[in-house]
Each structure stands twice: as C-alpha cells, then as structure tokens.
Amino acid sequence: PPHYYTSVDREVKGPLNLTSPKPERLSVFCKRLGKLMRRPSWIKVPSFVVTLLLGEFAKSVLEGQHVEPKALLKNGFTFKYPYLTEALRAILKY
C-alpha cells in the first residue's frame with residue numbers, strides 16, 4: 001500500500017500521541033457518523049450504564065481526554081485526514 005505518512009523524521013523518539021490533530025467530542029463523532037451512514041444517533045447511554053460496563057475505566061470515557069499529537073506536529077507530520085468527516089468518509093468509503 002502507498003505510504004502516506006513520510007514527513008516525520010525517523011529520529012523522533014519517545015511516546016507519541018497517535019490522535020487526530022483536530023480532536024472532537026464523542027457526541028460530535030456520533031452525530032457525524034450517523035449522518036454519513038444515514039442512521040439516527042440520538043440515543044444517549046446513561047452514565048451509570050457506562051460505569052457498570054466499564055468499571056474504573058468509565059471515568060476517563062465519561063470525562064473525556066483532550067489529547068493532541070504535539071510531538072508529531074512539531075516534527076512536521078502531515079495527516080492525510082486531519083478532520084473527522086473526511087476520515088470517516090475514507091473509512092466508510094462514502
């Protein structure tokens with residue numbers, strides 16, 4: 001397959017956040033995914049259900065985390081799909 005991500009120096013060391021440079025809230029993600037798939041995305045899962053299913057991990061899911069790929073961006077990494085909608089379209093082939 002073609003190698004799209006050629007702009008990072010191979011000498012970059014340490015942990016890297018492999019996330020989108022344009023993070024979105026889960027609610028936005030669900031709405032855009034639903035729209036692209038032409039499916040409703042209006043059902044909300046109560047937090048106590050998430051807590052029952054995920055235990056201690058539920059806290060990080062419910063509160064969210066704002067993570068950015070700062071080291072990648074600092075080193076010139078170029079994302080093929082920096083925005084959620086275009087990434088979802090590519091994944092779903094829409």
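Me: How many helices and how many strands does the secondary structure of the protein come to?

Reply: In this predicted model, the secondary structure comprises five helices and zero strands. Read from the N terminus, the order of elements is α-α-α-α-α.

Me: What share of the residues of the protein counts as buried?

Reply: Of its 94 residues, 14% count as buried. As for contacts with a separation of 6 or more, residues 24 or more positions apart account for 75% of them.

Me: What span should helix α1 have, and what distance separates its end C-alpha atoms?

Reply: Helix α1 covers residues 26-37, which is 12 residues. Just after α1, R38 adopts a positive phi of about 55°.

Me: How is the packing of α1 against helix α5 to be read?

Reply: Two packed helices are described by the distance between their axes and by the angle between those axes. Here, the axes of α1 and α5 (residues 84-92) come within 10 Å and cross at roughly 45°. An angle between 35 and 65 degrees counts as oblique, so α1 is oblique to α5. The crossing of α1 past α5 is right-handed.

Me: Which residues make the contact between α1 and α5?

Reply: From α1 come V28, F29, R32, L33, L36 and M37, and from α5 come L84, T85, L88, R89 and L92. By class, the residues of this contact divide into eight nonpolar, one polar and two charged.

Me: Why can residues three or four places apart in an α-helix point the same way?

Reply: An α-helix has 3.6 residues a turn, so residues at that spacing point the same way.

How values were computed:
Residues are numbered from 1 along each chain as its sequence is written. This is a predicted model: local features need pLDDT of at least 70, side-chain atom pairs count only at pLDDT 80 or more; totals for chains, interfaces and linings use all residues. Side-chain values use heavy atoms; hydrogens and water are left out. Helices (H or I, at least four residues) and strands (E, at least two) are DSSP runs, numbered from the N terminus. The expected span of a helix is 1.5 Å times one less than its number of residues. Axes are lines fitted to C-alpha atoms, for helices over the stretch in contact, and angles run from 0 to 180 degrees between N-to-C directions. Angles under 35 degrees count as roughly parallel, over 145 as roughly antiparallel, 65 to 115 as roughly perpendicular and the rest as oblique. A crossing is left-handed if the near helix is turned anticlockwise from the far one by less than a right angle, and right-handed if clockwise. Contact means heavy atoms within 4.5 Å. Ala, Val, Leu, Ile, Met, Phe, Trp, Tyr, Cys and Pro count as nonpolar, Asp, Glu, Lys and Arg as charged, and the others, Gly among them, as polar. Buried means under 20% relative accessible area, exposed over 50%, partly exposed in between (1.4 Å probe, protein chains only).
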